[in-house]
Amino acid sequence: MNLTHSSELPKLADTLYDEKKNDSDEGFRTMTPVDMIDAESDILNPMSDEIKRIRWKVDKRLIPMLALIYLCSYLDRANIGNAKVAGMETDLQLKPGRFNTALSIFYIGYVLGEIPANMALKTIGPRMWIPLVMLAWGGVMISMAAIKNESGLYAGRFFLGLAESGFAPGPMFVISIWYIRQEQAIRAGLFFSAATVAGAFGGVLAYGISHMDGVSGLRGWQWIFIIEGIPTLVMCVVAFFVLPDFPANAKFLTPAERDLTMKRLQADAGPANETEFTWEQFWAAFKDWKVYLHMSIGFFHAIPHAALGLSIPSIVEGFNFDHVTTQIMTAPVYVVACLFTLAMAHSSDKRKERGYHATITILVSIAGYLLLVLTRNASTAARYISLMICTSGNFAFTPVALSWPSANIGGHTKRGVALAMIISFAQIGSAIGGQLYRDDDAPTYKRGHLMSVGCLAVDILLVLLMKRMLVHENNRRELLTPEQFEKECSQAGLADRHPDFRYYS
């Protein structure tokens with residue numbers, strides 16, 4: 001049945017959830033929102049021609065923009081590793097361990113700004129808020145070329161982290177309000193893969209910039225900060241004109257397209273479809289056990305993830321490459337990681353599964369770390385391939401893990417606060433991660449690799465625990481009697497606690 005231009009469409013879409021909630025047949029009551037869409041309406045099916053056309057229109061507008069902004073964000077936070085290789089540590093006369101302190105200070109500012117930033121994003125809207133924070137961190141990035149000493153480096157990294165915190169939880173929140181749950185992981189993978197592209201691009205760019213050493217009296221590392229900060233300022237202007245706000249007021253969609261987009265999002269959310277800010281939803285995030293378990297998962301993964309992301313140039317330099325060659329040899333590592341990240345995100349969405357996919361990425365990462373330890377005295381090729389494996393698993397975890405709470409935490413306010421809590425707590429792990437790869441462990445970094453393995457082993461246990469608890473809760477809701485169901489429905493503001501809601505496990 002083709003309902004693309006039918007007058008029956010609004011009526012059908014409006015009544016999908018009401019029928020589901022009011023129908024007395026228990027078999028129908030326990031259907032998930034996406035199952036219901038597939039069963040009741042071709043036009044609301046994610047694979048219908050009309051939905052694919054609108055989704056592609058949104059994709060073209062939103063995903064490349066988020067990916068480019070994230071590329072700028074990751075490039076600006078991680079280029080300190082390239083700057084170190086280019087001579088910054090020597091020029092600033094940093095004492096042993098002080099460079100690692102500078103890495104960690106970035107995340108202090110990051111943690112402080114996370115939750116207020118996500119609330120500002122919800123209130124002001126992405127089109128205004130994201131360009132503002134880009135202007136801030138781009139300015140800080142360029143100004144870091146003027147640092148003269150250790151204190152200046154610390155100040156620059158702190159304010160860079162504070163500025164970037166305004167963007168950090170934004171992409172997943174934006175994706176969660178534009179796409180249904182089974183469409184989120186691959187899109188998270190697309191923009192998070194920008195981090196791997198940034199790593200590859202940053203290495204190649206740093207290779208070229210290293211040849212500018214001495215131009216206008218500036219060192220190569222100073223030119224890295226200046227030249228890699230300029231794209232952020234350019235993109236903040238582009239983002240203001242291109243980035244959309246929310247589906248309800250998106251001007252690049254026709255009224256009919258906006259209406260259909262909202263209908264399918266509401267149908268997918270089912271009872272967890274609160275869109276307005278409420279303090280009840282704000283505080284609900286702090287009372288949800290899932291949020292704290294996701295925070296723990298993010299924390300233990302952030303330690304090795306941040307350590308590796310900031311130290312790849314130093315690790316590669318330990319493979320007996322010179323300073324200039326090191327910069328360009330970081331690029332292939334990130335290219336391979338990008339491909340693996342996209343493959344895992346696509347598979348996660350296709351199978352509507354998160355826990356086992358996250359576990360696979362962790363196991364791949366652990367294998368890479370162990371190979372780095374075992375091959376530390378082997379050939380350069382063996383060590384280089386081990387680093388590729390390690391980096392691939394490390395980066396592929398992020399889109400799968402972050403699309404998990406975005407799919408399972410209902411209500412815009414609760415989801416926004418929860419994502420900010422999860423990401424900000426993970427940054428505490430990132431601050432610790434900045435201390436893993438220290439100069440006294442170079443060039444093999446055996447201690448750092450093994451500490452990363454320990455963190456990831458704990459993470460696997462937490463991921464599997466989360467999956468088990470979500471499966472148990474879904475099964476419990478399936479077996480509710482009509483009386484139990486009505487009792488659990490009696491409260492207000494349930495969001496994902498509504499007995500009709502089903503979690504992605």
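Helix α14 gives nine residues to the lining of the largest cavity, the most of any element. The model is a predicted one, and the cavity in question has a volume of about 580 Å³. Its lining comprises 33 residues, and those closest to the centre are H305, T398, L402, A426 and Q427. Besides α14 (289–317), the elements that give two or more residues to this lining are α4, α6 (98–124), α9 (170–178), α10 (184–209), α18 (380–408) and α19 (412–433). By class, the lining divides into 24 nonpolar residues, eight polar and one charged.

The count of cavities of 30 Å³ or more comes to five. Two or more residues come from each of α4, α10 and α14. Here α4 gives the most, with five residues. The lining of the second largest cavity divides into six nonpolar and seven polar residues, with no charged ones.

Helix α4 also packs against another helix. Spanning residues 49–85, α4 meets α7 (residues 126–143) at an angle of about 25°, and the two axes are 11 Å apart. Angles under 35 degrees count as roughly parallel, and α4 and α7 are therefore roughly parallel to each other. The crossing of α4 past α7 is left-handed. On the α4 side the contact is made by I69, C72, S73, D76 and N79, and on the α7 side by I130, M134, W137 and M141. These contact residues divide into six nonpolar, two polar and one charged.

Conventions:
Residues numbered from 1 in each chain as written. Predicted model: local features only at pLDDT ≥ 70, side-chain atom pairs only at ≥ 80, totals over all residues. Heavy atoms only, no water. Axes fitted to C-alpha atoms, helices over the stretch in contact; angles between N-to-C directions. Helix = DSSP H or I, 4+ residues; strand = E, 2+ residues; numbered from the N terminus. Parallel < 35°, antiparallel > 145°, perpendicular 65-115°, else oblique. Left-handed = near helix turned anticlockwise from the far one by under 90°. Contact = heavy atoms within 4.5 Å. Nonpolar A, V, L, I, M, F, W, Y, C, P; charged D, E, K, R; others polar. 1 Å grid on protein atoms, 1.4 Å probe; cavity = no way out; pocket = protein on both sides within 12 Å on 5 of 7 lines; lining within 4 Å. Points joined across faces, edges and corners; volume = space filled by probe spheres on them.
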